Amino acid sequence: MEQVVIIGTGCAGLTAAIYTARANLSPLVLTGAMPGGLLTTTSTVENFPGFPEGIDGFQLMQNLQKQAERFGARVQFGHLDSVDFSGHPLKLVVDGETIISKTVIVATGSKPRALGLPSEEALEKHGVTYCATCDGALPQFRNQPLVVVGGGDSALEEATYLTRFASEVHLIHRRDSFRASVIMQERALKNPKIKPVWNSVVTEVLGVAEKKVSGVRLKNIETGMTSTLSCAGVFVAIGHVPNTAVFNGQLETDAGGYIQLREGTRTNVRGVFAAGDVADSVYRQAITAAGTGCAAAIEAERFLGEETENY
Ligand code: NAP
């Protein structure tokens with residue numbers, strides 16, 4: 001039986017792995033579909049303390065994994081099929097194999113939110129994408145007009161990044177002011193290649209018949225006017241949804257699907273803790289994920305100490 005299974009290898013999961021490994025708990029750490037988590041798709045991370053020049057997101061995650069493995073964490077590539085938290089020990093089915101554990105730390109993070117348009121779904125990987133860092137440099141986007149949808153830090157960061165490749169970047173936002181931080185707004189708005197389109201939503205991505213994005217249909221929500229805009233790519237950056245589907249009916253979530261925490265990082269199930277973006281609809285930063293990963297590890301360790309007689 002495992003002492004602790006950590007689900008997810010983003011900042012929260014790997015920090016929990018470092019702490020539980022250093023506590024001699026030999027954690028089993030499951031990567032899920034995206035080893036290293038969302039930070040591996042970012043370019044330079046400028047706000048993680050300790051890196052005055054910034055650090056590449058992929059490099060940061062590799063460093064965290066190495067650090068966890070140095071103390072005995074066992075990182076395993078695996079997809080979580082289901083969980084049974086109805087009794088103790090806790091049960092997890094990973095790629096058809098059942099694993100039992102005394103404690104579980106859920107650090108499954110979140111995934112990009114989609115606009116929900118049929119044409120968007122039809123054109124995913126044919127010009128519609130959710131990650132500028134992953135796809136921005138593709139030949140099909142070079143020296144072409146591109147569209148970014150959203151008004152938060154992600155949208156402005158992606159738009160700024162895409163100006164390296166695009167002829168121009170149209171930033172479509174549904175309101176008349178951005179949600180993003182002041183520094184990101186200043187950086188984006190002073191870039192002559194970035195053209196904000198205010199009070200507008202994308203109602204259709206054009207090019208379905210050709211299987212290649214050729215533009216977007218827009219609606220101005222103030223005036224109701226519709227228009228089209230030519231572009232070679234649509235980068236959707238409208239936030240994230242937590243990866244909690246596999247825990248449906250077992251872990252309590254809020255209206256947005258985020259895991260609901262009680263004291264600290266405890267969930268409604270004894271011995272199950274949650275950390276990082278999967279339980280955080282407010283801060284969602286690499287450093288807050290690392291912080292809660294640390295807290296979950298300490299709480300799991302204490303739980304094991306208190307409850308040893310139960311096993
Ligand atoms: P976010 O802050 O939640 O912003 C989402 C944006 O998308 C908002 O502007 C929102 O519009 C818009 N939106 C949401 N649903 C929409 C829909 N269905 N159609 C059209 N627009 C829609 O998400 P985020 O930008 O991904 O940022 C998440 C967190 O990560 C934030 O805390 C952010 O500070 C952080 N972050 C930080 C950095 C950095 O510091 N370098 C970089 C990226 C992200 P409204 O404004 O009208 O709600």
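These legends describe close-up views of a predicted model. Local features need pLDDT of at least 70, side-chain atom pairs count only at pLDDT 80 or more, and totals for chains, interfaces and linings use all residues. Residues are numbered from 1 along each chain as its sequence is written, and side-chain values use heavy atoms, with hydrogens and water left out.

**View 1. An open sheet has five strands with parallel pairing.** The strand order is β10-β17-β11-β12-β13. Strands are DSSP runs of E, at least two residues, numbered from the N terminus. Two strands pair if DSSP finds at least two bridges between them. β10 (128-129) and β13 (194-197) stand at the edges with a single partner strand each, so one side of each lacks a neighbour in the sheet.

**View 2. Strands β11 and β17 pair in the parallel sense.** β11 covers residues 145-149 and β17 residues 233-236. Four bridges join them. Leu 146 has Gly 233 in β17 as its bridge partner.

**View 3. 17 residues surround the ligand.** A residue counts if one of its heavy atoms lies within 4 Å. The closest are Asp 153, Ser 154, Arg 174, Arg 175 and Arg 179. Helix α5 (residues 153-162) gives the most to this shell, three residues; helices are DSSP runs of H or I, at least four residues.

**View 4. Oxygen atoms of the ligand face N or O atoms of Gly 151, Arg 174 and Tyr 283.** For Gly 151, a backbone atom lies 3.1 Å away. For Arg 174, a side-chain atom is 3.0 Å away. For Tyr 283, a backbone atom lies 3.3 Å away. The protein covers 78% of the 920 Å² of accessible area (Shrake-Rupley method, 1.4 Å probe) that the ligand has on its own.

How values were computed:
A polar contact is a pair of N or O atoms within 3.5 Å; within protein, one must be able to donate a hydrogen and the other to accept it, and residues adjacent in sequence count only if both atoms are side-chain atoms.
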